[in-house]
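Please read the numbered points alongside the sequence and the model.

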Amino acid sequence: MYVFGPLINDGIKKFVTYQIGGSSMSSEVTRRYSDFFALREKLLERWPGVYIPNIPPKKVVGNTDLKTIEKRVRMLNAFCYKLSTLSYLFSSEEVNIFQTANGEISKTILALPKMTPEDIRNKYQQSF
């Protein structure tokens, strides 16, 4: 999975979208930074105690500045690369939704239910 083709979207509120592609994906998808943020937050919640790669910090002002966008593309690519090396995360439900779902990805990912300790234990037994 890799990030490319950032596009600044003008409108009431300016934002940037990023193309996501890769051999594990059936087609390229477009994601916002907030989608990456939601993915990481949900991974932290549903995979407690497991290393989750970092993403660039949120930026309130200047998130459509070209230098900021270039840096984000590099850092988001590093995030995607690290995820791809961690098979238990890369094959997770959360990453699958991020790679394939349509619509408001952040809401879809964040709507995943919290896992019980029993659910987490079972998932870890299957993954490790």
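1. Glu 94 counts as buried, at 1% relative accessibility; buried denotes under 20% relative accessible area, exposed over 50%, and partly exposed the range in between (1.4 Å probe, protein chains only). Its side chain meets that of Arg 46 in a salt bridge, with an N to O distance of 2.5 Å. This pair links distant parts of the chain, since Glu 94 belongs to helix H4 and Arg 46 to helix H1, 48 residues apart. A salt bridge is taken here as a side-chain nitrogen of Lys or Arg within 4 Å of a carboxyl oxygen of Asp or Glu.

2. As to provenance, this is a predicted model, in which local features need pLDDT of at least 70 and side-chain atom pairs count only at pLDDT 80 or more, while totals for chains, interfaces and linings use all residues. Residues are numbered from 1 along each chain as its sequence is written, and side-chain values use heavy atoms, with hydrogens and water left out.

3. Arg 46 also forms a salt bridge with Glu 93, at 3.0 Å from N to O. Glu 93 lies in helix H4 (residues 93-100) and Arg 46 in helix H1 (residues 33-46), so this pair ties together parts that are 47 residues apart in sequence. Helices (H or I, at least four residues) and strands (E, at least two) are DSSP runs, numbered from the N terminus. Arg 46 is buried at 6% relative accessibility, whereas Glu 93 is partly exposed at 43%.

4. Another salt bridge joins Glu 118 and Arg 121, whose closest N and O atoms are 2.6 Å apart. The two residues are three apart in helix H6 (residues 117-127) and therefore separated by about one helical turn. Glu 118 is partly exposed, at 41% relative accessibility, and Arg 121 is partly exposed at 42%. Shared partners, by contrast, join Arg 46, Glu 93 and Glu 94 into one network of salt bridges. The count of salt bridges comes to six.

5. What do the buried residues of H4 pack against? These residues are Glu 94, Val 95, Ile 97, Phe 98 and Gln 99. They pack against strand E3 (29-32), H1, helix H2 (66-85), helix H3 (87-90), helix H5 (105-110) and H6.

6. Val 95, in helix H4, has a relative accessible area of 0%. Leaving aside neighbours within four places in sequence, Val 95 is in contact with Met 1, Leu 39, Leu 43, Leu 83, Leu 89 and Phe 90; contact means heavy atoms within 4.5 Å. The C-alpha atoms of Val 95 and Ile 109 are separated by 8.9 Å, the residues being 14 apart along the chain.

7. The largest nonpolar core has 34 residues, of which Met 1 and Leu 83 touch the most other members. Such a core is a set of buried Ala, Val, Leu, Ile, Met, Phe, Trp, Tyr and Cys residues joined through side-chain atoms within 4.5 Å. Strand E2 (15-21), H1, H2, H3, H4, H5 and H6 are the elements that give two or more residues to this core. H2 gives the most, with six residues. Beyond four places in sequence, the contacts of Met 1 include Ile 20, Met 25, Leu 83, Phe 90, Val 95 and Phe 98.
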